[in-house]
Amino acid sequence: MAQKLNYDVLKKSGYTGYIKESAPVKVLQFGEGNFLRAFVDYWFDMSNEKADWNGKVALVQPIAQGLTKLINEQQGLYTLYLRGSENGKPVNNKRVISVVDACYNPYDAADWEKIRRIAVSDDLEYMASNTTEAGITYDPTCKMTDCPPSSFPAKVTVLLYERFKAGKPGIVFLSCELIDANGQELKKDVLKHAKDWNLGDDFASYIDRDCLFCSTLVDRIVPGRIRDPKEVEELTKENGYEDALLDVGEVFGVWYIEGPKALEDKLPFKKAGLNVHVVPEVAPYKKRKVRILNGAHTGFVLGAYLAGQDIVRDCMHNETIHAFMNKILYDEVIPILPLDKADCEHFAAAVTDRFNNPFVDHLLMSISLNSTSKWKARDLPSLLEYFEKFGKLPKALCMGFAAYIAFYSTNLQRREADALVAKRAKGNEYRIQDDAWVLDFYWDHRDADDKTLVHDVLSNEKMWDQDLTKVAGLEDTVYADLQKIRRDGAEAAYKSVL
């Protein structure tokens with residue numbers, strides 16, 4: 001039986017990759033889950049190898065139940081597989097990550113004391129976090145004397161106050177939560193606690209001027225675990241050790257950090273040649289990600305499903321669907337984005353590789369969830385901005401809009417508690433899941449003719465925050481496109497706009 005991974009077991013296993021056994025703790029990280037270990041800790045681990053950064057990361061378990069015991073049993077070591085497609089070829093890279101020093105549970109009094117000691121260390125330079133979207137929340141019930149305070153911002157306030165009192169330099173904070181302006185939102189909450197707890201103007205000034213709260217944009221899909229027990233067994237045998245923390249992410253990864261130019265030279269990533277960038281603002285890069293990566297998904301998958309496809313990867317091997325996606329991206333989205341065109345085209349080219357990942361069966365029906373709000377956030381702004389800039393309607397995005405309506409209204413069978421059930425040409429039933437009022441709208445329109453349906457969808461201000469029938473030509477175009485989908489099938493309709 002294989003032994004559990006630790007430094008001794010790893011040495012005996014014959015592993016020949018890069019490993020760093022000891023270094024000072026330079027990062028205090030809130031969160032010990034799959035994403036941070038495949039993303040933030042990966043970049044710092046690579047910096048040790050490529051830039052001689054000579055640092056370790058101490059992890060803080062953000063909630064009462066977590067991975068502290070497992071991580072410490074393995075001395076912070078875990079195996080990371082980065083899998084995907086590059087230039088159309090499968091990639092499966094294995095790396096044992098050795099940047100983690102230890103993990104601490106703040107709900108254990110002894111561990112909370114150790115975390116406080118790390119916070120005032122001369123070696124500490126950074127704090128990082130991914131405490132989910134709910135993590136950056138101000139909780140007025142938290143007290144300075146709580147051991148520890150329950151909320152994440154309150155814990156940060158306590159630790160930064162300890163550092164301030166010890167006369168230590170400010171910290172660079174790297175927030176990875178999936179909310180807008182994540183770093184600035186955290187800073188606001190910390191300053192609120194400082195005020196409520198009467199910690200003084202000097203401390204507020206320390207937070208404001210000496211500490212740098214960076215909003216960041218993260219981009220890497222992290223499935224996290226391998227669910228097939230047989231594959232886990234095979235990898236255990238192949239590796240020569242048992243790894244309870246084995247992690248899996250896609251090979252693509254990019255991190256945008258909002259901050260001053262000087263930060264780029266302070267952080268180790270540029271020197272290490274990594275795909276991590278310090279930028280004046282992350283908002284344009286978020287817009288690029290939402291419009292290109294997420295917009296591509298929402299723009300083509302609904303029609304692709306009606307055309308008989310089931311998995312994203314297979315769509316990349318369908319000439320018509322792939323070309324339709326590319327038309328949306330290269331002809332209609334990239335020309336309106338406020339970033340360098342070549343940079344956007346490079347990002348769009350990576351989308352094909354990411355969607356063509358041979359290790360992930362990404363179901364179109366998974367992407368279809370809540371497509372109304374997704375269309376509104378990801379694709380409709382591109383359609384409207386294209387119309388405003390060029391004075392004409394974007395053909396592929398209009399067809400994608402018609403495909404959205406077709407997906408929600410094709411052969412409706414019944415209304416269930418949490419879904420509408422429809423039937424596609426392939427013969428199988430499928431479940432449309434969205435807000436109840438959206439499902440009710442389409443169910444109530446099940447007997448409407450397409451002209452009425454298109455008019456009522458486009459004029460529904462609750463759906464789009466505006467009356468889209470006022471966009472010149474849009475109603476007629478979407479109606480004609482919907483007719484093509486009904487008559488010729490979605491794939492042929494997609495082909496007609498190429």
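Reader: What makes Lys50 count as partly exposed rather than buried or exposed?

Author: In this predicted model, Lys50 has a relative accessibility of 47%. Buried means under 20% and exposed over 50%, so Lys50 falls in between and counts as partly exposed.

Reader: Where is Lys50 placed, and what does Lys50 touch beyond its sequence neighbours?

Author: Lys50 belongs to helix H3, residues 40-51. Leaving out residues up to four places away in sequence, Lys50 touches Lys271 and Ala272. Gly273 is 223 residues from Lys50 in sequence, while their C-alpha atoms are 7.7 Å apart in space.

Reader: Happy to follow that. Why is Leu458 called buried?

Author: The relative accessibility of Leu458 is 0%. Since buried means under 20%, Leu458 counts as buried. Leu458 sits in helix H19, residues 450-458. With residues up to four places away left out, its contacts include Phe401, Ile405, Trp464, Leu468, Leu474 and Val478. Between Leu458 and Ile71 there are 52 Å in space, C-alpha to C-alpha, and 387 residues in sequence.

Reader: How do you know that H13 and H14 are roughly antiparallel?

Author: The axes of helix H13 (residues 319-333) and helix H14 (residues 341-355) cross at roughly 155°. Angles over 145 degrees count as roughly antiparallel, and therefore H13 and H14 are roughly antiparallel to each other. Their axes come within 11 Å, and the crossing is right-handed.

Reader: Which residues meet there, and what classes do they belong to?

Author: From H13 come His322, Met325, Asn326, Leu329 and Tyr330, and they meet Glu345, Ala348, Ala349, Val351, Thr352 and Phe355 in H14. By class, this contact has 7 nonpolar, 3 polar and 1 charged residues.

Reader: What makes a group of residues a nonpolar core, and which members of the largest one touch the most others?

Author: A nonpolar core takes buried residues of the nonpolar kinds, joined through side-chain atoms within 4.5 Å. The largest one here has 78 residues, and Ile292, Phe300, Tyr404, Ile405, Tyr442 and Val457 touch the most other members. Helix H17 (residues 395-407) gives the largest share of this core, 11 residues. Another core, of 42 residues, lies apart from it, with Tyr78, Ile97, Leu263 and Val278 among its members. As a general background, nonpolar side chains tend to be buried together in soluble globular proteins.

Reader: What is Tyr404 in contact with, beyond its neighbours within four places in sequence?

Author: The contacts of Tyr404 are Leu302, Ser371, Thr372, Trp375, Tyr442, Val457, Met463 and Trp464.

Reader: Let's turn to the backbone. How do you know that the peptide bond from Cys147 to Pro148 is cis?

Author: Its omega is near 0°, and the bond is cis. Pro148 lies in the loop between strand E6 (126-129) and helix H6 (152-165).

How values were computed: Residues are numbered from 1 along each chain as its sequence is written. This is a predicted model: local features need pLDDT of at least 70, side-chain atom pairs count only at pLDDT 80 or more; totals for chains, interfaces and linings use all residues. Side-chain values use heavy atoms; hydrogens and water are left out. Buried means under 20% relative accessible area, exposed over 50%, partly exposed in between (1.4 Å probe, protein chains only). Helices (H or I, at least four residues) and strands (E, at least two) are DSSP runs, numbered from the N terminus. Contact means heavy atoms within 4.5 Å. Axes are lines fitted to C-alpha atoms, for helices over the stretch in contact, and angles run from 0 to 180 degrees between N-to-C directions. Angles under 35 degrees count as roughly parallel, over 145 as roughly antiparallel, 65 to 115 as roughly perpendicular and the rest as oblique. A crossing is left-handed if the near helix is turned anticlockwise from the far one by less than a right angle, and right-handed if clockwise. Ala, Val, Leu, Ile, Met, Phe, Trp, Tyr, Cys and Pro count as nonpolar, Asp, Glu, Lys and Arg as charged, and the others, Gly among them, as polar.
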